[in-house]
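Open the model in your viewer and keep the selection tool at hand. The stops below tell you what to select and what is there.

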Amino acid sequence: MAEVDLEAVRAHLGQRGQLPGPVEVGAALRGLGLLVSDTVVRQTVAALRRESVGAGVLDPLLHLPGVTDVLVNGPDRVYVDRGAGLEPAGVTFGGEEEVRRLAVRLAASVGRRLDDGSPFVDARLPSGVRVHAVLPCVADAGTCLSLRVPNRQRLSLDDWVACGSLSSDGADLLAGVVASRRAFLISGGTGSGKTTLLGGLLGLVPSEERIVIAEDSRELHPDHPHCVRLEARPANAEGAGAVTLTQLVRQALRMRPDRLVVGEVRGAEIADLLSALNTGHEGGCGTVHANSAADVPARLEALAALGGLGRDALHSQLAAALQVLVHVRRLQDGRRWVDELRLVRADPATGRCAGVPAIRFVPGRASVEGEAYGELTRLVVR
């Protein structure tokens with residue numbers, strides 16, 4: 001393919017408004033005075049279509065088993081994550097312009113603008129892949145792409161146990177949390193498995209109950225017959241039409257949810273979620289980024305401030321709304337691991353909430369019971 005100037009062929013087709021079919025490409029090659037053979041035409045068509053459909057040269061990587069992320073740090077640095085950390089993908093671009101062209105096309109495919117005036121974009125493609133792009137005017141490595149591949153499997157709690165990410169007694173406790181309609185949050189870092197675990201737990205919700213999910217980017221796919229999924233929407237190029245997660249939570253409350261779910265609590269919507277959980281909506285849940293379960297109350301304080309909810313009000317709401325904290329982390333071998341469960345308790349003297357250790361699960365060892373273990377078992381009796 002080195003002897004074929006793809007830009008020239010693309011320009012030739014564009015001037016005539018033609019698609020890159022074999023006949024059109026053959027005519028374009030002849031018009032450019034290039035050698036025409038079945039092999040050259042076939043390879044040229046494949047190269048042009050690869051750049052105009054899907055994720056271009058990255059598309060095969062998105063379909064590899066186990067791949068969760070594809071990262072591009074410039075034309076010759078492409079990495080994948082198969083669950084054991086980043087590794088070179090063995091794929092390169094023809095140059096910076098090719099990377100930028102792919103990024104702009106992916107943004108345009110979902111109606112988003114990406115140029116020097118708007119140098120980054122975060123969106124979800126029709127395939128469900130989440131794409132984030134940054135142009136060279138912001139990133140010194142050149143155009144950078146981050147593609148997050150949605151989990152194609154719905155993992156149940158039994159699957160978590162089978163793959164060594166959850167102990168059997170931990171599975172029983174989590175199933176009890178869902179069955180007893182306790183409100184809970186799953187905390188953890190990026191890529192730790194929070195959303196995957198939440199999806200598995202929602203699959204345990206009785207089929208006669210209605211689940212309404214509000215998400216910033218659609219990721220949850222619970223195996224449940226009565227599930228309504230709402231997705232936030234950014235503003236268009238004119239700055240209009242945005243639908244925030246806070247708005248979605250408020251709309252979800254009008255949709256008669258038996259279980260209200262916020263896919264990821266990351267801003268002012270925490271105030272509406274806690275208000276909902278304090279007005280009879282039992283069993284609500286969601287995820288939140290945090291380094292540990294002990295850090296969740298402080299993390300929620302910061303998020304509540306974005307919604308105008310003061311510290312005292314936040315802890316008052318939290319004490320009545322939330323019962324259980326579940327923390328997951330990623331082990332050094334790449335495995336996701338359900339690390340611990342804590343109960344939310346308010347200090348009678350200060351009114352401040354904290355996560356009190358109930359049980360900690362240690363890989364390869366017996367679980368460690370904390371001071372709130374007895375209370376946890378009483379709460380989740382099924």
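Start with helix α10. Among the elements that cover its buried residues are α9 (245–252), β10 (259–262), α11 (296–306) and α12 (311–321). Here helices (H or I, at least four residues) and strands (E, at least two) are DSSP runs, numbered from the N terminus. Select residues 269–277 to show α10, where eight of nine residues are buried. Buried means under 20% relative accessible area, exposed means over 50%, and partly exposed is in between (1.4 Å probe, protein chains only). The buried residues of α10 are Glu269, Ile270, Ala271, Asp272, Leu273, Leu274, Ala276 and Leu277.

A note on what you are looking at: this is a predicted model, in which local features need pLDDT of at least 70 and side-chain atom pairs count only at pLDDT 80 or more, while totals for chains, interfaces and linings use all residues. Residues are numbered from 1 along each chain as its sequence is written, and side-chain values use heavy atoms, with hydrogens and water left out.

**The whole chain**

Now zoom out. The chain has 13 helices and 15 strands, and its C-alpha trace spans about 85 × 50 × 40 Å along the principal axes. Of its 382 residues, 46% count as buried. Contact means heavy atoms within 4.5 Å. Among contacts between residues at least 6 apart in sequence, 52% join residues at least 24 apart.

**Helix α8**

Which residues of α8 are buried? Select Lys194, Leu197, Leu198, Gly199, Gly200, Leu201 and Leu202 to see them. They make up seven of the nine residues of α8, so this helix is largely enclosed by the rest of the structure.

**Trp160**

Next select Trp160, in helix α6. Is Trp160 buried or exposed? Its relative accessibility is 3%, so Trp160 counts as buried. Leaving out residues up to four places away in sequence, Trp160 touches Leu155, Ser165, Leu166, Gly193, Thr196, Leu197, Arg336 and Val338.

**The nonpolar cores**

A nonpolar core is a set of buried Ala, Val, Leu, Ile, Met, Phe, Trp, Tyr and Cys residues joined through side-chain atoms within 4.5 Å. The largest one has 36 residues, and those that touch the most other members are Leu174, Phe184, Leu197, Leu202, Val338, Leu341 and Leu376. Elements that give two or more residues to this core include α6 (157–162), α8 (194–202), β13 (336–346) and β14 (353–360). The largest share, six residues, comes from α7.

Pick out Leu376. Apart from neighbours within four places in sequence, Leu376 is in contact with Leu173, Val324, Leu341, Leu343, Ala358 and Ile359. Another core, of 34 residues, lies apart from the largest one; among its members are Leu185, Ala232, Ala304 and Leu309.

**A pocket and a cavity**

On a 1 Å grid over the protein atoms alone, a cavity is a set of points where a 1.4 Å probe fits but cannot get out, and a pocket is an open set with protein on both sides within 12 Å along at least five of seven lines; lining residues have an atom within 4 Å of a point. Grid points are joined across faces, edges and corners, and a volume is the space filled by probe spheres set on the points.

The second largest pocket has a volume of about 370 Å³. Select Leu125, Pro126, Ser127, Gly128 and Val129, which are the closest to its centre of the 22 residues that line this pocket. α5 gives the most to the lining, with three residues.

How many cavities of 30 Å³ or more does a search of the whole structure find? The search finds three. The second largest cavity holds about 60 Å³ of space. To see its lining, select Arg130, Glu215, Asp216, Ser217, Glu219, Gly263, Glu264 and Arg266.

**Two arginines in loops**

Finish with Arg181, in the loop between α7 and β7. The phi of Arg181 is near 60 degrees, a positive value in a residue other than glycine. Arg181 counts as partly exposed, at 22% relative accessibility. Then select Arg256, in the loop between α9 and β10. Arg256 also has a positive phi, of about 50 degrees, although it is not a glycine. With a relative accessible area of 56%, Arg256 is exposed.
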